Amino acid sequence: MFPKGTKRKFSDSGEEQVSSGDQSPVAASVAARTMSSSYSLQRQSLLDMSLIKLQLCHMLVEPNLCRSVLIANTVRQIQEEMTQDGTWQIMTQALAAAQCPADRLVATEVLCRQTDAAAQAGQSPKPFSVVGLEEGYHSEEVVMEGDVETEVTMSTLSPVSPQLSSASYLAGPFGMGPCWEEDEEEGECEEDEEEDSEECVSEGEEADQDHLSADSRTGEQVFGTFEIKHPAPPQDPVLGELFSDVDPSYYDLDTVLTGMQSTPKMGPYDLLESLSSHGPTALSSSASCRSDLNELDHIMEIIVGS
Amino acid sequence: MGEDTDATPTLNHRGFLPDHNYVTEADIISTVEFNHTGELLATGDKGGRVVIFQREPESKTEPFSQGEYNVYSTFQSHEPEFDYLKSLEIEEKINKIRWLPQQNAAHFLLSTNDKTIKLWKVSERDKRPEGYNLKDEEGRIKDISTVTSLQVPVLKPMDLMVEVSPRRVFANAHTYHVNSISVNSDYETYMSADDLRINLWHLDITDRSFNIVDIKPANMEDLTEVITAAEFHPHHCNLFVYSSSKGTLRLCDMREAALCDKHSKLFEEPEDPSARSFFSEIISSVSDVKFSHSGRYLLTRDYLTAKVWDLNMESKPLETYQVHDYLRSKLCSLYENDCIFDKFECAWNGSDSVIMTGAYNNFFRMFDRNTKRDVTLEASRESSKPRAVLKPRRVCAAGGKRRKDDISVDSLDFTKKILHTAWHPNENIIAIAATNNLYIFQDKLNSEMH
């Protein structure tokens with residue numbers, strides 16, 4: 001169905017270096033063209049579609065585990081193939097180059113664990129894991145103000161070194177899953193999020209500090225990052241109410257996979273931002289998410305400034 | 001099959017007449033199951049209700065008017081619940097119904113939603129006592145002073161009343177969604193399977209169950225496979241099979257160990273490397289597994305095919321039937337609209353000679369294992385007037401040679417899917433659930449199973 005053609009358009013030997021992770025944008029584009037462009041486009045759109053599917057789970061009822069596992073396996077398969085082709089490294093590094101440096105503190109246990117592992121392991125990307133890391137969740141906590149019974153703190157990390165880009169590239173989506181909550185209902189939160197994304201760090205205190213959003217600013221945090229605005233923000237009565245029943249079991253992986261809580265709402269915008277930056281097909285592929293995307297498209301335009 | 005006269009008596013599609021169109025308007029049917037004699041047919045729907053149909057006894061005056069199915073009882077089996085810990089709703093949708101073999105006048109069935117299994121007793125009452133001494137006919141207590149003599153209450157006939165009462169509730173044993181239940185041939189135990197675990201219950205004990213399969217990895221990151229269906233062997237009470245999302249079947253023997261994580265047999269067809277695509281794994285996921293009545297074979301359904309396996313041969317299936325291979329080139333769109341995750345069920349006929357499964361556009365397919373012939377039929381109101389004979393349908397590839405009445409792949413309605421079908425245990429009667437409609441077809445010409 002996807003013909004695995006690796007038709008090389010450039011047969012110069014100079015192009016051979018491409019797969020080893022040359023960082024120049026020219027090489028990147030050449031690498032992309034070394035394989036049949038339609039195949040890689042198809043693959044890319046499939047990847048984007050899959051990631052969106054994982055994100056947009058229906059939060060009212062527990063998501064279907066079988067479906068999630070199958071989609072995650074598909075993503076893993078694509079990731080492995082792209083790694084072998086060398087396009088994986090290139091893509092993540094291209095994203096890194098495209099992003100402005102992060103002022104916001106970025107945090108993820110995912111990143112933290114992989115920092116240690118990948119630092120030694122070097123280039124090998126961690127295979128995409130369906131669930132975004134049980135241990136990560138256990139030690140990962142969120143600072144919540146006031147009326148939350150259990151007070152938790154999110155550990156923070158400074159941006160990680162570039163070679164970990166691939167490691168964290170995909171760790172997020174499944175882990176981001178829980179944060180996707182009824183977009184339709186949470187109008188105010190969306191707006192807050194939008195403003196936060198637009199402005200830089202210092203405004204971070206505003207509104208949804210409780211929200212986790214993918215921050216694709218630094219290259220390594222393409223997907224696998226959770227963002228925390230510090231310091232603890234002033235009380236937002238709406239959000240406080242929403243999160244008042246949050247408890248640590250949210251971070252239990254069983255919960256993540258089988259039942260998401262109605263807590264932190266992840267900003268979809270950052271994910272889509274990163275998707276849009278590496279392919280025009282990113283958004284066009286998912287018909288089922290079209291209604292959400294139309295809404296998000298508008299917001300994204302503001303963020304991306306296109 | 002096709003338009004020529006069908007010489008083989010076994011699967012004469014022309015004989016299938018739609019019996020009745022039972023419309024359950026309110027909700028989508030989520031499961032269909034005949035009981036062991038075929039006298040009763042139970043359906044469960046998304047609203048948590050169970051409707052039981054009973055076959056009318058054959059009338060002697062009209063030999064061809066074989067018993068038709070009429071509504072026997074309706075009851076609310078499961079209610080929507082809210083899991084406060086996870087802030088999530090638990091759907092009341094009935095995932096599976098399984099009948100217990102009948103042991104006395106009452107009928108028993110198990111029904112399950114995502115989390116809780118319930119045992120229901122269905123009994124008839126057609127007599128009632130009359131002539132109480134202390135109560136009058138409306139049930140009010142009599143004034144003692146008005147009672148002058150004693151009488152013995154007698155049983156008098158009354159209008160038939162079907163009573164349904166919950167006998168057992170088997171709750172809190174599953175973290176994940178229950179997808180299958182199966183009654184054991186010992187008639188004492190049954191199993192319930194969710195995405196990662198299978199539990200063994202005793203029908204009389206609700207506060208305890210034994211975990212017999214657990215495929216949850218220590219680290220949930222490593223989760224790549226889930227359980228999709230499970231069933232006990234029809235005769236050997238120690239054997240059961242479960243299928244996975246990776247297309248494997250595992251036969252387990254409960255005598256070997258308390259925890260049957262290690263299979264006795266693993267049935268897996270090696271992948272064809274030339275057909276590999278990104279969707280290979282998804283379409284290989286087994287959506288349903290059924291033992292044959294003989295216990296010798298297994299029938300499995302994956303997205304595009306139905307396969308018959310011999311229990312004695314693990315390396316590959318005995319037979320593979322293409323249900324709708326024309327969808328193979330459309331997998332990407334089907335992935336996009338989530339149809340690729342649809343779980344179709346499959347069924348054997350009573351003599352294990354014909355298998356049946358559903359498809360899209362309200363089509364369902366039957367394959368005769370002996371003659372190797374197959375037929376596509378449609379369950380829809382337009383094409384199924386009562387007593388009318390079903391016409392075989394054909395799907396042609398887009399742009400291919402098209403005959404009249406053929407339907408092209410691009411015109412298929414993917415919202416009309418037949419996921420649930422059931423075959424009468426002894427006769428050629430089938431029940432087809434098409435969204436919120438139930439169709440019952442009878443093969444009048446060939447009521448006997450061949």
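How many residues lie between S25(B) and S26(B) in the hairpin that they form? Four residues lie between them, and Asn361(B) in the turn has a positive phi of about 65°. Strands here (E, at least two residues) and helices (H or I, at least four) are DSSP runs, numbered from the N terminus.

The model is predicted: local features need pLDDT of at least 70 and side-chain atom pairs count only at pLDDT 80 or more, while totals for chains, interfaces and linings use all residues. Residues are numbered from 1 along each chain as its sequence is written, chains are lettered from A and ligands numbered from 1 in the order in which they are written, and side-chain values use heavy atoms, with hydrogens and water left out.

Strand S25 (residues 354–358) of chain B runs antiparallel to S26(B), and five bridges join the two; strands pair if DSSP finds at least two bridges between them. Within this pair, Ile355(B) is opposite Phe367(B). On S26(B), antiparallel pairing with strand S27 (residues 374–378) of chain B also extends over five bridges, and Phe363(B) is opposite Glu378(B). S26(B) and S27(B) form a hairpin with five residues between them, where Lys372(B) in the turn has a positive phi of about 65°.

Six of the six residues of S26(B) (residues 363–368) are buried, so the strand is largely enclosed by the rest of the structure. Buried means under 20% relative accessible area, exposed over 50%, and partly exposed in between (1.4 Å probe, protein chains only). Phe363(B), Arg365(B) and Phe367(B) point one way from the strand, and Phe364(B), Met366(B) and Asp368(B) point the other way.

In chain A, helix H3 (residues 65–85) has 21 residues, which at 1.5 Å a residue should span 30 Å; its end C-alpha atoms are 30 Å apart, in agreement. The expected span is 1.5 Å times one less than the number of residues. Of the 21 residues of H3(A), 17 are buried. Just after the helix, Gly86(A) takes a positive phi of about 85°.

The largest nonpolar core has 54 residues, and Tyr303(B), Tyr335(B) and Ile340(B) have the most contacts inside it. H3(A) gives the most to this core, with eight residues. A nonpolar core is a set of buried Ala, Val, Leu, Ile, Met, Phe, Trp, Tyr and Cys residues joined through side-chain atoms within 4.5 Å. Apart from this core lies another, of 16 residues, including Trp423(B) and Phe441(B).
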